Amino acid sequence: MLTFLNRALRWSTGLMAAMALFTIMLLTLVDVTGRKFFNHSVPGGLEVTEILMVIVIFGALPLVSWRGEHVVFDSLDAFVPSWLHRTQQRVVHLFCAVVFAWMARLMVMRADRFSEYGDITVHLQLPMAPVAWVMAAFLLITALVHLVFVFVRPPEPAFHGAAQTGDAA
Amino acid sequence: QTVFSVSSWVPPTHTLSVAQKNWCDALEKESSGRMKCNILPKGVAAAPGTFDAVRDGLADISYTVDGYTPGRFINTQVAEFPFLGDSAVPTSVAYQHIYTKYFAPLGEHRGVKVLGVFTHGPGIIFNSKQPVKTVDDATKLKFRIGGGNINELSKLMGFNTTLKPAPDSFELLSTGVMDGTFFPDESVASFKLNMIKHATTFPGGLYNTSFVFMMNPAKYNALSAQDKAVVDKLSGEFAARLFGEGWDKVDAASRELQKQQGVARVQADESFIKAVAAKQAELEDKWAAAASAKGLKDPKAVLAEFRAEIKKIK
Amino acid sequence: MTAALLGFLGVFAMAFLRVPLAVAMATAGFVGMGLLRGWQPALASASQVIFETGFAYVLSVIPLFVLMGNFVARAGMARELFNAANAFVGHRPGGLAMASIIASGGFGSICGSSIATAATMTRVAFPEMKAHGYKESLATGAIASGGTLGILIPPSTILVIYGIITETDIGKLFIAGILPGIVAIACLCLAVVFVTWRDPAAGPPAERFTWRQRLAAIRGIWGVALLFALVIGGIYGGVFTATEGAGVGAAGAFFFALARRTLTPRLLLEVLIESSRTTAMLFTILIAAMVFTNFINFTSMPADLRDFVLQFSPEPIMVVVVMMGIYLVLGMVMEELAIVLLTIPVFFPVIMGLGFDPVWFGILIVTIVEIGMISPPVGLNLFVINSLLPQVKLMTIYRGVWPFVFADVVRLGILIAFPVIALWLPGFMNR
Ligand code: NA
Ligand code: NA
């Protein structure tokens with residue numbers, strides 16, 4: 001089940017974050033080139049960047065939680081007996097699930113506020129409420145990831161996976 | 001004793017922070033020390049979030065720019081229109097009169113207790129490259145602008161503009177990424193825009209900005225009747241005048257500085273002014289439609305009264 | 001002050017129970033704000049901070065500089081830098097550690113983020129040092145401290161943020177970072193000398209290179225030089241802003257990696273997802289730090305600190321020294337960007353009032369941030385290395401980094417005593 005969830009996250013929220021980041025990069029390049037050589041920048045480029053940033057940050061968050069990449073003090077680990085370790089892990093994951101779910105709730109509040117006043121972006125006049133909804137959805141998925149780990153032991157090797165990707169050349 | 005948490009999203013030396021502090025001093029004095037302010041070291045929210053911060057009681061008192069939350073406020077856009085007035089006090093006070101008479105009952109600022117509304121001085125075209133007298137001169141340059149009516153107007157005028165936050169101005173202009181920006185006089189000094197060489201003025205300004213100074217309503221309601229009376233006395237025209245005077249003072253100081261900096265000041269050609277007026281007429285029609293949809297009766301008449309009121313105060 | 005201290009205590013209590021730092025800071029900040037100001041404002045504050053930090057144009061420099069670093073690493077440029085530095089100093093005791101510091105400096109010239117620099121050099125330099133029998137404490141200490149050069153040597157995310165909040169010329173700040181960066185490399189290399197003098201087994205010498213090999217290695221770094229010229233040249237030439245420079249730099253690095261045929265679609269996706277993950281991890285901490293900062297903003301701590309430093313105003317330089325002392329202490333326990341955002345509005349006006357140069361103060365602030373990133377227990381660079389090297393205990397990293405923290409403090413002293421180091425180069429910029 002864990003492998004399936006891993007793939008599911010990678011090819012959904014992970015892929016969205018990756019594409020958003022790549023788009024921000026290209027958008028900046030096109031914007032700068034356009035302004036320098038063709039005297040016109042991308043209309044509303046700043047707003048699009050902001051919206052894409054939301055997808056990069058919050059879209060990759062479930063994967064960060066999935067791989068246990070949040071910054072954690074592990075200096076006391078040596079003093080925690082092994083029988084207690086799993087229990088500690090469960091409690092911490094439950095706590096994280098609650099906090100991220102609560103953050104999702106806060107973003108729903110924000111979305112409601114935006115729709116109440118009808119807030120839009122300056123240039124493209126896109127409604128703001130859906131942006132907050134997207135944040136809420138990603139935060140909720142993150143909370144669910146932590147909730148899974150309350151019941152299922154997290155995949156140990158994937159924890160430090162960043163080291164495996166090394167550089168190619 | 002009541003202590004208000006006061007938030008400001010510009011540095012403590014900026015005229016907005018100073019005017020707010022002066023208001024606080026007046027409050028403390030008028031209430032014989034029963035009410036005072038605790039000015040927070042750092043703003044509780046960035047400018048666009050300040051309205052909500054006051055509404056939710058994160059700060060008790062602060063101010064914001066209505067245009068920073070596009071889509072939220074329609075009526076207040078009248079204070080962003082060109083050709084309003086050449087100094088901030090008359091436009092602020094006239095705006096306050098119109099606001100009390102027509103806008104306040106419609107409740108666009110619902111959720112906060114409005115202490116006052118005001119504007120800054122006339123908006124000017126600044127640039128570091130060449131004198132701008134005609135529409136053609138202006139369309140040759142790249143400008144940084146903020147949002148609001150001026151953004152719509154620039155689009156119609158065919159200016160080459162990019163929306164960037166005001167504090168980015170120094171970097172954009174000093175590196176030559178942009179040629180100019182639209183600002184009131186004050187900003188040349190406060191953003192240290194020492195690369196500016198040319199200014200183009202319009203009678204009454206090319207644009208303006210609608211500000212609101214506000215208090216958390218729960219905090220207000222909890223005051224004694226005596227204290228409420230003090231706050232009410234310092235609200236409305238008193239607050240509008242206070243902030244307006246602040247803007248006028250720093251505008252004048254900045255004009256002195258611009259002289260030393262060698263900024264050449266010209267007025268836009270008659271043809272330029274006419275072109276702006278023609279495009280603005282379209283925007284005013286659009287605004288009138290949007291405002292009547294929001295419940296304002298006869299918006300065009302309100303606008304006319306606003307302009308007449310400014311002249312009267314002058 | 002008591003409220004603030006209780007807040008810090010809460011963060012540490014949770015962190016020691018293994019609650020992620022971000023979750024601990026957000027929780028403590030929210031509860032603190034709720035108790036101090038009421039639950040409704042606390043909810044509003046947290047929800048605004050999350051949204052504003054996630055929806056912020058200027059902060060797009062962070063993912064873009066991280067992405068640039070990852071593309072550059074993928075193109076093999078970090079290894080070329082390391083090889084070039086290694087060719088010259090590798091044969092000395094602790095030479096590989098020095099090489100990783102020098103290479104970090106070079107990498108810092110095309111990467112604006114300390115974390116990205118540290119992460120990249122961990123992958124390139126740590127295996128080499130390990131293979132040559134280096135102690136893990138020295139290897140990780142050198143990489144962690146070298147990584148911080150990423151924000152001192154331009155381009156730099158922290159200098160952009162400092163420039164924005166204090167309205168200081170970002171171009172001048174960037175140029176001002178170059179000489180202090182060289183001083184920093186020298187100080188950190190001296191720390192390596194000190195460590196290997198105390199314990200020669202910590203960093204045994206590697207093989208010596210001939211001059212022919214050295215010249216060949218030097219020629220290998222032209223790619224880095226070209227990217228540096230593109231980003232810094234573009235910012236100076238007024239083609240783009242520092243914020244946009246990150247995007248152009250990332251795109252430049254992307255095309256480099258493409259041209260060197262080191263990217264397949266699969267690897268591209270890998271790099272993008274990895275950069276996004278690093279971004280998400282950083283922003284989670286950033287958001288949580290902001291929630292916590294908003295709570296501190298309502299305590300008396302900022303005003304108490306300002307009053308404390310103002311006592312020394314008859315001796316202006318003492319104000320600076322005391323301020324730096326406060327920063328060193330805060331830097332141990334707080335996330336650095338949070339410190340900058342919280343204290344600059346309080347301290348900057350004091351510094352300007354005493355007539356000091358904003359560019360010089362900016363360089364001091366970056367140095368402080370660098371120290372904070374490697375001073376235990378809360379040091380972002382230490383955490384990054386820890387997450388990349390699961391086999392190395394965090395305690396080992398803590399032990400190994402102290403000589404480098406000390407070297408950085410010495411460098412800070414030098415920069416305070418000789419402002420000319422920071423101000424000489426920007427003095428030539430006529431704007
Ligand atoms: Na750098
Ligand atoms: Na630290």
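Reader: What makes residues 157-169 of chain A a stretch to handle with care?

Author: This is a predicted model. Over residues 157-169 of chain A, pLDDT stays under 50. Where pLDDT is low, the predicted coordinates should not be read in detail. The model still has 32 contacts beyond four places in sequence for this stretch.

Reader: Which elements of chain A have the lowest and the highest mean pLDDT?

Author: Helix H5 (residues 162-165) of chain A has the lowest, at 34. Helix H4 (residues 129-151) of chain A has the highest, at 94. Chain A as a whole averages 84, and 90% of its residues score at least 70.

Reader: Turn to chains B and C. Why is the pair B:Asp60 and C:Arg37 called a salt bridge?

Author: The cut-off is 4 Å between a side-chain nitrogen of Lys or Arg and a carboxyl oxygen of Asp or Glu. The closest N and O atoms of B:Asp60 and C:Arg37 are 2.7 Å apart, so the pair qualifies. The count between chain C and chain B is one salt bridge. The rule also finds seven residue pairs in polar contact across this interface, both residues at pLDDT 80 or more.

Reader: What makes H3(C) stand out on the side of chain C that touches chain B?

Author: H3(C) gives the most to that side, with six residues. The residues of that side divide into 16 nonpolar, 11 polar and six charged.

Reader: How much area is buried between chain C and chain B?

Author: About 2500 Å², of which carbon and sulfur atoms give 53%. C:Gln48, C:Glu167 and C:Asn297 supply 24% of the area that chain C buries there, more than any other three residues.

Methods. Residues numbered from 1 in each chain as written. Chains lettered and ligands numbered in written order. Heavy atoms only, no water. Buried area = accessible area lost by both parts, 1.4 Å probe. Polar contact = N/O pair within 3.5 Å; in protein donor to acceptor, adjacent residues only side chain to side chain. Helix = DSSP H or I, 4+ residues; strand = E, 2+ residues; numbered from the N terminus. Nonpolar A, V, L, I, M, F, W, Y, C, P; charged D, E, K, R; others polar. pLDDT = per-residue confidence, 0-100. Contact = heavy atoms within 4.5 Å.
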